[in-house]
Amino acid sequence: MEEKENPFDMDTSSFDSDRYLERLLKDCSLKQIMDTEAAVVKDTQTLHSDMQTLVYENYNKFISATDTIRKMKDDFKQMETDVNLLMTKMQSITTFSEQITGTLQGTRSQLCRLSEKHSLLKRLQFLSTLPAKLKSLIEEQNYAQAVQDYLHAQKVFAQYGRQPSFDGIQRDCDAIMADLKERLRQDFQRAGNTAQSLTEIGELLLQLDEKTSDLASEMLRCAGKRLHEQIVMLQDQTERDMLEFVDIGIDGFLNDLALVVTSYFDMFVAKHYEHERDDFQENALNELNIFLNENIDKYLTLVQDRVESDIGYGDTQVMLRALDRLHRRLQAMRNICRGLQVQRNTLEIIIAAAHQLCDAHGKSLRDHFADSLSAVRLSLVSAKSDVAAGVNLSDLISNLYVAMVEKIKGVLQDLMIFLRTDWSFNIKAEHKGALCVEGIRENLLIGFLRHISKVMCSFADASSSSPPNLLLVLSKTCLELEQQGVHILIALVDDLYEIDSENSATLTHETEICAEMRETAQSLLDAYVRLQGTNISQMLRKSVETRDWLNCLEPRSVRAVMKRVVEELGSIETVVASLYESTGNAGFRTTASSDSSRKTYFSNFNASKPQYRSNWSNYTPSQLESSYVSNIHRLFSERVDIFTSVEFSKASIVMGIIKIGLKTLLECVRLRTFSKFGLQQIQVDAHYLQMNLWRFVSDENLVNFLLDEILGSAVHRCLESVLMEPNAVEIICERG
């Protein structure tokens with residue numbers, strides 16, 4: 001209230017201008033008073049402008065409202081006149097109606113009787129023309145209308161059938177309908193009927209009082225023939241793709257089957273027949289269930305056969321789209337077929353297809369691996385030299401490794417299509433586990449990795465005629481798989497398919513596969529060493545066996561086979577170095593040990609050093625003939641294992657080959673008898689090998705020990721044990 005009665009508020013009715021001015025002059029400065037005056041003037045002008053605008057905007061409305069009110073006064077006067085005229089006419093109509101009612105009161109009952117007689121005459125006329133009409137409808141094959149007219153006439157026959165004239169018409173109609181019933185039975189049993197026609201004919205036969213139980217059995221039998229024809233037709237659709245094949249089956253077979261089932265259900269299960277047994281509906285339902293499952297099983301068996309024939313050849317996505325569409329249709333049939341139990345579904349086919357596709361992919365992987373191995377082998381065979389082959393070995397290994405890994409990755413990605421969330425079918429947990437764990441992880445991936453290991457290991461057999469460099473490539477590839485590939489692939493499959501392999505006791509752990517890969521790599525590398533060692537050994541063995549050591553001339557040069565052996569070892573080292581770098585400082589040899597290339601390096605025991613140096617020529621023949629020196633040597637020497645596993649390093653691999661070659665030379669020397677010059681030739685050859693083999697190995701002592709054994713064995717097998725002067729040996733070797 002205080003705000004409404006405020007005399008200083010210009011917006012209220014209690015505003016007092018004098019008091020407001022007095023207060024303003026008292027409280028405000030001159031500038032504030034002038035500002036207030038300007039604000040009041042501005043507000044006043046704005047208010048006047050708004051008022052004018054409002055008046056202008058509503059002026060036309062005011063004029064229109066005035067015209068409307070004036071017009072309404074004139075219209076109401078005319079309307080009042082029309083209403084009065086209408087009342088007068090209604091009164092006249094009422095008067096005429098009362099007069100007509102009074103005039104017709106006496107004849108109303110007569111008109112009703114005439115109407116009833118007219119209706120009766122129409123019925124009688126219908127009965128008199130019924131036989132001819134029934135024949136006409138049957139000739140036109142309008143069986144449904146004929147049955148409907150006959151059933152309609154039955155009511156009249158029941159009322160007037162005792163009349164002689166009606167009795168004759170009834171007999172004619174019964175005879176005509178008996179012929180129709182027999183024709184319908186023949187049509188019902190005819191092969192090639194569609195489900196729609198079976199349903200229509202069955203409905204007509206039921207209306208003509210056909211026995212329900214017989215008709216139910218006959219309907220399933222005839223429908224079974226028709227559906228069998230559909231199956232036979234589908235078996236011939238081999239040229240169509242999977243999607244078209246399923247669409248044809250859905251539009252033909254499944255639609256007919258659904259129509260038969262629903263029609264049979266409505267005719268024989270949903271209805272109650274008084275003249276049938278109480279268990280008729282239950283038996284009919286059981287027969288329908290058996291019929292439905294037998295036919296669905298036949299169709300799904302056909303689909304499964306088609307899927308099996310397409311696995312690995314057709315498009316997997318197209319196949320799954322077709323199976324997804326089929327699954328949706330069967331789900332819809334389950335909803336339509338009330339009270340029926342469809343025992344089989346498409347999920348079994350999909351799971352089986354997934355496992356078959358895993359098998360197909362497994363075969364594809366094995367074939368691809370075999371082709372890759374053939375390509376590698378062909379590349380190695382067509383290489384012009386070992387050096388050229390060695391340069392390309394890294395590329396071959398890279399291509400083989402990358403091709404295998406990428407192929408496996410592609411297969412794992414392809415199989416993910418079965419687990420897409422947009423399919424209508426849902427692979428349940430137990431099926432998903434069996435598919436992902438058994439089908440994909442264990443059977444496909446782990447199985448293929450073990451196949452790789454097994455196939456590569458077969459190349460290490462002594463009976464296989466594999467090129468040496470192929471063994472080296474396969475060994476390095478297995479090593480790459482052990483170090484990287486196995487972990488990458490198993491981690492990928494576990495991640496894609498959400499498999500917890502770390503906490504599973506039944507799944508194959510990656511350490512097992514890695515161990516198999518490393519074992520295979522070791523076997524292949526050992527086979528490579530044995531094969532190359534055998535090649536060196538054959539050259540040395542032939543050079544010893546084909547020479548007459550008792551009639552040798554005084555040596556003037558190193559034999560060509562020793563140069564060939566050194567060259568061969570150089571080529572092998574180049575090839576191996578392209579894949580395996582030397583490990584540790586011991587593997588890098590750039591210079592020989594103290595005077596190793598300048599003096600003969602055949603030993604006598606020296607306790608102060610592990611290396612032992614002396615010249616066999618310092619001994620007299622009698623001393624050389626005794627085995628005292630060599631026995632002391634063997635007593636304090638370590639046993640040399642020739643055929644042992646080598647390490648994955650250049651020095652170890654080449655050393656293994658050298659040991660096999662020198663051991664073969666030693667055994668060949670032990671089987672020969674030498675003259676003085678023959679012994680000296682062995683001395684020259686051994687010194688040449690000692691001068692050149694040191695750069696291939698990390699442990700010179702082992703090579704020197706074997707060369708000592710070779711020369712010592714030749715001394716024992718010599719008839720005149722006189723060695724050449726060391727300086728002469730060095731000159732020959734340096735010159736040769």
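**Reading contacts, helix packing and salt bridges**

Me: Which residues does R556 touch, not counting residues up to four places away in sequence?

Reply: R556 touches I732 and R735 when residues up to four places away in sequence are not counted, contact meaning heavy atoms within 4.5 Å. This is a predicted model, in which local features need pLDDT of at least 70 and side-chain atom pairs count only at pLDDT 80 or more, while totals for chains, interfaces and linings use all residues. Residues are numbered from 1 along each chain as its sequence is written, and side-chain values use heavy atoms, with hydrogens and water left out.

Me: Where does R556 lie, and is R556 buried or exposed?

Reply: R556 sits in the loop that runs between helix 15 (510–545) and helix 16 (560–577), helices being DSSP runs of H or I with at least four residues, numbered from the N terminus. With a relative accessible area of 52%, R556 is exposed (buried is under 20%, exposed over 50%, partly exposed in between, with a 1.4 Å probe and protein chains only). The C-alpha atoms of R556 and I732 are separated by 6.4 Å, although the two residues are 176 residues apart along the chain. The side chain of R556 also makes a polar contact, at 3.2 Å, with the side chain of E554 (N or O atoms within 3.5 Å, one able to donate a hydrogen and the other to accept it; residues adjacent in sequence count only if both atoms are side-chain atoms).

Me: What surrounds S675, leaving aside its neighbours within four places in sequence?

Reply: S675, in the loop between helix 19 (650–670) and helix 20, counts as buried at 13% relative accessibility. Leaving aside neighbours within four places in sequence, S675 is in contact with W549, L550, N551, C552 and C718, and a polar atom of its side chain lies 2.8 Å from the backbone oxygen of W549.

Me: At what angle do helix 20 and helix 21 pack?

Reply: Two packed helices are described by the angle between their axes and the distance between the axes. Here helix 20 (residues 676–693) and helix 21 (residues 700–716) pack at about 175°, with axes 10 Å apart, where axes are lines fitted to C-alpha atoms over the stretch in contact and angles run from 0 to 180 degrees between N-to-C directions. That makes helix 20 roughly antiparallel to helix 21 (over 145 degrees). On the helix 20 side the contact includes L679, I682 and Q683, and on the helix 21 side V703, N704 and L707 are among the residues. The residues of this contact divide into eleven nonpolar, three polar and no charged (Ala, Val, Leu, Ile, Met, Phe, Trp, Tyr, Cys and Pro are nonpolar, Asp, Glu, Lys and Arg charged, the others, Gly among them, polar).

Me: How many salt bridges does a search of the whole structure find?

Reply: Side chains of opposite charge can pair when their charged atoms come close. The search finds 21 salt bridges, each a side-chain nitrogen of Lys or Arg within 4 Å of a carboxyl oxygen of Asp or Glu. In one of them, R450 pairs with E512, the closest N and O atoms being 3.7 Å apart; R450 is in helix 13 (residues 429–458) and E512 in helix 15, 62 residues apart. K663, E667, R670 and E709 are linked in a network of salt bridges.

Me: Where do E545 and R541 lie?

Reply: Both lie in helix 15, four residues apart, about one turn of the helix, and E545 forms a salt bridge with R541 whose closest N and O atoms are 3.1 Å apart. E545 is partly exposed at 41%, and R541 is partly exposed at 31%.

Terms used. Helix = DSSP H or I, 4+ residues; strand = E, 2+ residues; numbered from the N terminus. Parallel < 35°, antiparallel > 145°, perpendicular 65-115°, else oblique.
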